[in-house]
Amino acid sequence: MKRTVFTVIAVMALAALAFLYAPIGLPGPYHGNSSTIGEIKAPSGYERIAGDDPKYTEYLRSIPLKDNGTPVMKYTAEKASAATQARSYAVLDIALLSNAEQCADAAMHLRADYLFRTGQYGKICFHNYAGLPMKYLGGRSGAAFKAYLRSVFNTCNTTTLVNSLENRDLKDIQPGDAFIYKVIPGHKYGHAIMVVDVAENPKNGKRMFLLAEGSTPACDIHILRNLGRRSSPWFYVDGKSDSFLLTVFTFHKDELWHF
């Protein structure tokens, strides 16, 4: 209940925050001249890390971004809500595959796309509502891969994803991790946000990170804007608090997961 109330309050405050912090002409995606995730400038004093899976990190940083000002669009070809536009820093240039492609699905989409592009077909596997593995068997066929993902989006969610992942301490956050809280009794939805890049301060070891989000209803995957840091897309969590706010969603310190 507390998590829900906190989120509602955050949504109500979003419009005011966006007005105060967003560059002129916003709210809406605005990422300077960056054409990929890896070209988004790291915070002053921070250096990007390779992560524990450098090839995965390289893939995430290579994901292209749509042009400045491109709005977040729903799968139905309508603009997403004004609140979604306000908290979006950039839109990933990755096509939605289904109206069922929502938050956890965005994380699964990026993970599966990396494995597919690098020929690791046998590692593409997610678990469905019944806990059964859904293995990809289509090889290099792009059509088979897209059909597989549509099936995954229809039969997997935050709970099934969490059940197949492992926890990671916040201090050790890596590119490719995900903040996820699963559906719990009395709540209709969980939520997932993907960590797509991490930078570290070599002097004190502190890390900042970029986040990408899909949402409900299905909309473009987008880099989140940190309205608390004058619209920077970089976030920092020290791990000292039991819970923390990432734009309008509240997470607990034990809700960082990795593949």
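Q: What is the mean pLDDT of the protein chain, and what share of its residues reach 70 or more?

A: The mean is 89. Of the residues, 86% reach 70 or more.

Q: Where does pLDDT stay under 50, and how should I read such a stretch?

A: Where pLDDT is low, the predicted coordinates should not be read in detail. Here the stretch is residues 13-27. The model has 20 contacts beyond four places in sequence for residues 13-27.

Q: How does the span of helix H5 agree with its number of residues?

A: Take 1.5 Å a residue. Helix H5 covers residues 142-155, 14 residues, so it should span 20 Å. Its end C-alpha atoms are 20 Å apart, which agrees.

Q: Which residues of H5 are buried, and where do they fall around the axis?

A: The cut-off for buried is under 20% relative accessible area. In H5 the buried residues are Phe145, Tyr148, Leu149, Val152 and Phe153. Seen down the axis, they fall within an arc of 140 degrees, so they line one face of the helix.

Q: What covers the buried residues of H5?

A: The cover includes helix H4 (103-117), strand E3 (125-127) and strand E4 (133-135).

Q: Now Arg168. Where does it lie, and is it buried or exposed?

A: Arg168 lies in the loop between strand E5 (166-167) and strand E6 (178-181). Its relative accessible area is 14%, so Arg168 is buried.

Q: Which residues does Arg168 touch, leaving out those up to four places away in sequence?

A: Arg168 touches Asp52, Ile173, Gln174, Asp177, Leu256, Trp257 and His258.

Q: Which side chains make a polar contact with the side chain of Arg168?

A: Asp52 is one of them, at 3.2 Å. The side chain of Asp177 is another, at 2.7 Å.

Q: How far apart are the C-alpha atoms of Arg168 and Phe259?

A: They are separated by 10.0 Å. Along the chain, Arg168 and Phe259 are 91 residues apart.

Terms used: Residues numbered from 1 in each chain as written. Predicted model: local features only at pLDDT ≥ 70, side-chain atom pairs only at ≥ 80, totals over all residues. Heavy atoms only, no water. Helix = DSSP H or I, 4+ residues; strand = E, 2+ residues; numbered from the N terminus. Buried < 20%, exposed > 50% of the residue type's maximum accessible area, 1.4 Å probe, protein only. Contact = heavy atoms within 4.5 Å. Polar contact = N/O pair within 3.5 Å; in protein donor to acceptor, adjacent residues only side chain to side chain. pLDDT = per-residue confidence, 0-100. Expected span 1.5 Å × (residues − 1). Arc of directions from axis to C-beta.
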